[in-house]
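Here are my notes for your review. Please read them with the model open.

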Amino acid sequence: MARKAKVTIDKNRCKGCELCVNFCPKQVLAMSKEINDKGYFYAQVVNQEACIVCRFCGLMCPDTAIEIAVEEPEKTEVGTNG
Amino acid sequence: MGKILMKGNEAIAESAVRAGGLLYFGYPITPQSEIAEYLAHRMPEVGGVFLQIESEVAVANVLYGAAGAGARVWTSSSSPGISLMMEGVSYIAASELPCVIVNIVRCGPGLGGILPSQGDYFQAVKGGGHGDYRCLVLAPSSVQEAVDLMPLAFDRADRYRNPVMVIGDGMIGQMMEPVEFKEQKFPPLPPKDWATTGCKGRKPNVVNSLYLDPVVEEQLNFKLAAKYEQMRKNEVRFEEYRTDRELDCLLVAYGTTARVCKTAIQRLDEEKICAGLLRPITLFPFPEDKIYELAQRSKVVLTVEMSTGQMVEDVRLAVGRTKPVYFFGRAGGMVPSPEEVIEVVRKYVEGGGR
């Protein structure tokens, strides 16, 4: 069972550099059509389900606007041989 | 001290503080508001003054007054704010007072947008305000260079008793890069014996820019002109990149666009197209002699700007009719990509320079 994460973007920290959008391998993120308090078009989560928890977006963000909360998958029983 | 990661605006602010720019007056405007935000908490730590003024018009006049009293003063703003300051800057230049003005350019005209642009070239290098004056204009192309140029800006402002403008763009201001604050040494400055510091025991100093006697006013104009001539002789700064060879194309670009051009030059090497870059660091004085010299070794000259063509006029003045000078620009907050530059270079080089 693959791990899941909830990606949250603090839109008012974002300056619209688009690094996260460019580095996300699964197109989880896209730029907004609306502007934030500073006047920038900001990054937003458009496809949360596709996230593979690579954390690239959070690592790339120069303004620490992205939070990635990893949801641990439920433990599955592992069989043992005797 | 090692390198730290800093946002351009904050790095500029810190460098100014370290250079003794302890009186800052400003008014917030994107994309440079982080300068004011940073100084609001930094100035009290170092015994400096951070004061938000009611408008940019007033900021320029507060600078005028504080500079007249002999303080090392500075401000920062972005394009529309700088326009509002221009009357005061003209007075400061006329009264021969030092100050540093940082312009983190946004796109225009009008209120424009908040994304990177180089549309304020004319305003910065051709005066901006009224009357016969010039600012010394420094154009960093990285956060590190912005940090390095701030102490120089303050020194030259004091040395020439003239406004110095540091011109970046939204990208330089907003980008985070590793920076190192290196201590810079300058020769001693002459005493500010012209400052209005209280005239007890001496004749009063007067800061003024009104001269109704045409003979006196002309003398001031000629004195200022001589000062700008000194700048042309002593202050021209530029960087050459891959110009140590016969060139198919000489690129001329400053600030952010110069970085794009460097990437384009590296990729053009793979296609056996020899391109080189001349990057003016001072926009006034302009490295016209160097541009002329390099143009003679190149088939064509291409100026790349984030405007619809401003610096290209000075490049054409420098090159004259000796070589074809072309222009490529993006505007409105669009930053040219290396691919676009490559395509344009290819077009003009393969066109045989015609």
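Which residues in H1(B) meet which residues in H6(B)? The points below start there. Keep in mind that this is a predicted model.

1. The contact. On the H1(B) side, the residues are B:Gly8, B:Ala11, B:Ile12, B:Ser15 and B:Ala16. They meet B:Val143, B:Ala146, B:Val147, B:Met150 and B:Pro151 in H6(B). By class, the residues of this contact divide into eight nonpolar, two polar and no charged.

2. Spacing along a helix. An α-helix has 3.6 residues a turn, so residues three or four places apart point the same way. Check the numbering in point 1 with that in mind.

3. Packing geometry. H6 covers residues 143–160 of chain B. H1(B) packs on H6(B) at an angle of about 25°, and their axes are 8 Å apart. Angles under 35 degrees count as roughly parallel, so H1(B) is roughly parallel to H6(B). The crossing of the two helices is right-handed.

4. Burial of H1(B). This helix spans residues 8–18 of chain B and is mostly covered. Nine of its eleven residues are buried. Among them are B:Gly8, B:Ala11, B:Ile12, B:Ser15 and B:Ala16, which also meet H6(B). The buried set also includes B:Asn9, B:Ala13, B:Glu14 and B:Val17.

5. Chain A against chain B. Five residues of chain A are in contact with four residues of chain B. On the chain A side, the residues divide into two nonpolar, one polar and two charged.

Methods. Residues numbered from 1 in each chain as written. Chains lettered and ligands numbered in written order. Predicted model: local features only at pLDDT ≥ 70, side-chain atom pairs only at ≥ 80, totals over all residues. Buried ≥ 20, exposed ≤ 12 C-beta atoms within 10 Å, placed from the backbone. Helix = DSSP H or I, 4+ residues; strand = E, 2+ residues; numbered from the N terminus. Contact = placed C-beta atoms within 7 Å. Nonpolar A, V, L, I, M, F, W, Y, C, P; charged D, E, K, R; others polar. Axes fitted to C-alpha atoms, helices over the stretch in contact; angles between N-to-C directions. Parallel < 35°, antiparallel > 145°, perpendicular 65-115°, else oblique. Left-handed = near helix turned anticlockwise from the far one by under 90°.
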